[in-house]
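Dear colleague,

Please find below the structure that I am handing over to you, with its sequence. My notes on what was found in the structure follow directly after.

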Amino acid sequence: MIWLVRISLLIGLLGGWEWATRTGWLDPFLFSSPSLIWNQAVQLAGSGELFYHIQTTTVETILGFLLGTASGISLATLIWASPFLSRVLDPYLVVLNSMPKVALGPLFIVAMGTGFGSVLAMGIAITIIITTLVIHSSFQSVDKSYLILARSFGATRSQIFRTIIFPACIPDMIAALKVNVGLAWVGVIVGEFLVSKAGLGYLIIYGFQVFNLNLVMLSLVVVALIATIMYQLISWLEHRLLRHRSVT
């Protein structure tokens, strides 16, 4: 029933959008329409351009997502391992998290050039700090009674982390992955706005420049579809991991 309602809602939205543009309620030049977006997709797919741009952005996003998340978890682990380092870095992490990451774009361009590196750096920068803060907070929120019990049996700090802290924080890590899907896409698309000559972000900017809003809407639809697929894969991973935890 849930899937039936979801599909019906989607069909209703697309049908209403198409009807509104055909009857003049919406200007198809400004808001496009499902049929115009489909025609644009067929045209670009026929020339092979669409798949090239999709591949470029998808590779950049997946790499930025994985590297940003892994680096954030690693940094959170390092901070947890050293309470002194945690106190030193805490205000800097807060400042970095509040800083608009788009402002770092020109720095990445100067340092890495107008290519793949700067786009990837933007994807990593927008995910690593928030991941570090969330995971480190999760590490600190583990029930202290488990830690006291483990220490009473002579467990070392590394053993406590491997057997108690890290496993207990897996649900929060999955939640961070879900958040980072959207953040990684934002970072990569913004990076492509600034420097790239390929990718879905480039198509969006190019479409605005030549007033081809069908191209803009097509790019947004493709981004939404791929982001949804990534999110569903993480939800599948969450289901597998949490089912295993519930069984054990």
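**Findings**

Thr56 lies in helix α4; helices here are DSSP runs (H or I) of at least four residues, numbered from the N terminus. The model is a predicted one, in which local features need pLDDT of at least 70 and side-chain atom pairs count only at pLDDT 80 or more, whereas totals for chains, interfaces and linings use all residues. Residues are numbered from 1 along each chain as its sequence is written, and side-chain values use heavy atoms, with hydrogens and water left out.

Thr56 has a relative accessible area of 19% and is therefore buried (buried is under 20% relative accessible area, exposed over 50% and partly exposed in between, with a 1.4 Å probe and protein chains only). Leaving aside neighbours within four places in sequence, Thr56 is in contact (heavy atoms within 4.5 Å) with Glu192, Ala198 and Gly199.

Helix α4 also packs against helix α3 (residues 34-47), at an angle of about 90° and with the axes 5 Å apart. Axes are lines fitted to C-alpha atoms, for helices over the stretch in contact, and angles run from 0 to 180 degrees between N-to-C directions. Helix α3 is therefore roughly perpendicular to α4 (65 to 115 degrees; under 35 is roughly parallel, over 145 roughly antiparallel and the rest oblique). Ala41, Leu44, Ala45 and Ser47 of α3 make the contact with Glu49, Leu50 and Phe51 of α4.

As to aromatic rings, those of Phe, Tyr and Trp (its six-membered ring) pair if their centres lie within 6.5 Å; planes under 30 degrees apart count as stacked, over 60 as edge-to-face and the rest as tilted. The count by this rule is five aromatic pairs. One of them is the tilted pair of Trp80 and Phe161, at 5.1 Å centre to centre with 40° between the planes. This pair links distant parts of the chain, with Trp80 in helix α4 (residues 49-81) and Phe161 in helix α9 (residues 157-168), 81 residues apart. Both Trp80 and Phe161 are buried. Ring pairs join Trp80, Phe139, Phe161 and Phe166 in a cluster.

Arg157 lies over the face of Trp80, 4.2 Å from the ring centre (CZ of Arg or NZ of Lys within 6 Å of the ring centre and within 35 degrees of the ring normal).

Ser158 is also placed in helix α9. Ser158 counts as partly exposed because its relative accessibility is 42%. Ser158 and Ala81 are 77 residues apart in sequence and 8.4 Å apart in space, C-alpha to C-alpha.

With kind regards

Technical notes: Helices (H or I, at least four residues) and strands (E, at least two) are DSSP runs, numbered from the N terminus.
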